[in-house]
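Subject: Structure handover

Hello,

Here is the structure I said I would pass on. My notes on what was found in it follow below.

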Amino acid sequence: GGRVLITSRRASWSAGVESLPLDVIPPDESAQFLLERTERKRRATPTDAEDAATLARELGGLALALEQAGAYIAHQHCSFADYLAQWRSHRRRVQRWFDPRLMKYPRSVAVTWETTLAQLGAGEVAFLRIFAWLGPDPIPLFVLEGKEAKRLCRAAVALFGAETGKKSKVTGTPREAVAQLASLSMTKFDEDGDAVVTHRVVQEILRNSIPRRRCMTWIAYALAMLDNAAPFESQDVSTWPRWNPLCGHVA
C-alpha cells in the first residue's frame, strides 16, 4: 500500500498518475505567511500589515521567494519596509543578467536571492557558487573538510574577491558557513545534519549570475572539491564508501 507524491514542472503524465496543478499562493495568504513567519523576529512598525501585502505582491505569491524573504527578515531583524527598500535596490542589478526568454523562474525570485546574497560573507557566497555546479542531491559536508579542501575554499574566496573588487577572507569553519546559509533558507541540512541540500532554482540563479568568463573556473573548483573528497584512482580503501553520496554529483 501507500502513495507516492511527485512534484514536477511536467504537465503530462500517464493515466496512472493523478495530477493536481499547484498555483501561486493568493495575495492575502502570502501576506499572512510573511507576518507569521517573521512574528517577534522582525522590527515591528505600524505599517507591517500593509508592507507585508506589498511585499507579497512584489514576490508574486511564489512559495520559494516568500520563505527566503521571511528568513532574511527574521535573521536580520529588519522591518518589511527595510526589506522592500533593499529588494527594489537590487532589481536593476538583476535586470543586467536576467533573460526572461531563457530563465525558468520569475524575475522576482532572482531579485529575492540577489538581496540576500548581497548580505552574505565571501565564504558563504563561494560555497554557494561551488554548490551551484553540483547536483541537486544532498552534498556531503565532508567535501569541505581537510587541508586541500580548505585551500580550494580560500582560492574560491579570493576569486570572488577578484570578481567583485572586495577584500575577501574565510571566517569560521565550513559548517558554520553552511549553517549561516541554512538560517537564511539559501540551503538546508539533511535529516542527519551531515549533508546540505541546495534548491534547484537557487542553483540556476547562481549559475546565471556568475560572469560567463568565470563559469569554467567555478566548475573546476567544484570538480576539484569532489576529486579531493574521493580520488578516482586512490588506492586508499577508506575513501571508497564516500563514493555513494557523491555519485549524484559526478554522473
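Helices and strands here are DSSP runs, a helix having at least four residues and a strand at least two, and they are numbered from the N terminus. Counted that way, the protein has 12 helices and 3 strands.

Please keep in mind that this is a predicted model. The mean pLDDT of the protein is 84, and 88% of the residues reach at least 70. Among the elements, helix α1 (residues 27-37) has the highest mean pLDDT, 96, while helix α12 (residues 243-250) has the lowest, 65.

Overall picture

The protein has 251 residues, of which 41% count as buried. Of the contacts with a separation of 6 or more, 71% are between residues 24 or more positions apart. The exposed surface comes to about 14600 Å², with 52% of it supplied by carbon and sulfur atoms.

The core

The largest nonpolar core holds 67 residues. Those touching the most other members are Leu 55, Tyr 83, Trp 97, Tyr 105, Phe 131, Leu 144 and Trp 218. Helix α7 (residues 122-132) gives this core its largest share, 8 residues.

Trp 218 is worth a look in the viewer. Leaving out neighbours within four places in sequence, Trp 218 is in contact with Ala 126, Arg 129, Ile 130, Trp 133, Ala 156, Leu 159, Phe 160, Glu 163 and Ile 210.

Helix α6

Helix α6 (residues 107-117) is largely enclosed by the rest of the structure, because 10 of its 11 residues are buried. The buried residues run through Ser 108, Val 109, Ala 110, Val 111, Thr 112, Trp 113, Glu 114, Thr 115, Thr 116 and Leu 117. What do they pack against? Their partners are α2 (48-58), α3 (63-76), α4 (80-89), α5 (91-95), α7 and α10 (200-209).

Apart from residues up to four places away in sequence, Thr 116 touches Gln 68, Tyr 72, Leu 184 and Met 186.

The surface

A nonpolar patch on the surface is formed by Val 4, Ile 6, Trp 13 and Val 17, which together have about 370 Å² of accessible area. Ile 6 lies in the segment before α1. With a relative accessible area of 44%, Ile 6 is partly exposed.

Regards

Note on methods
Residues numbered from 1 in each chain as written. Predicted model: local features only at pLDDT ≥ 70, side-chain atom pairs only at ≥ 80, totals over all residues. Heavy atoms only, no water. Core = buried A, V, L, I, M, F, W, Y, C linked by side-chain atoms within 4.5 Å. Buried < 20%, exposed > 50% of the residue type's maximum accessible area, 1.4 Å probe, protein only. Contact = heavy atoms within 4.5 Å. pLDDT = per-residue confidence, 0-100. Areas by Shrake-Rupley, 256 points an atom, 1.4 Å probe, with all protein chains shown as cover. Patch = residues over 30% accessible without salt bridge, like charges linked within 9 Å, V, L, I, M, F, W, Y side chains within 5 Å. Salt bridge = Lys/Arg side-chain N within 4 Å of Asp/Glu carboxyl O.
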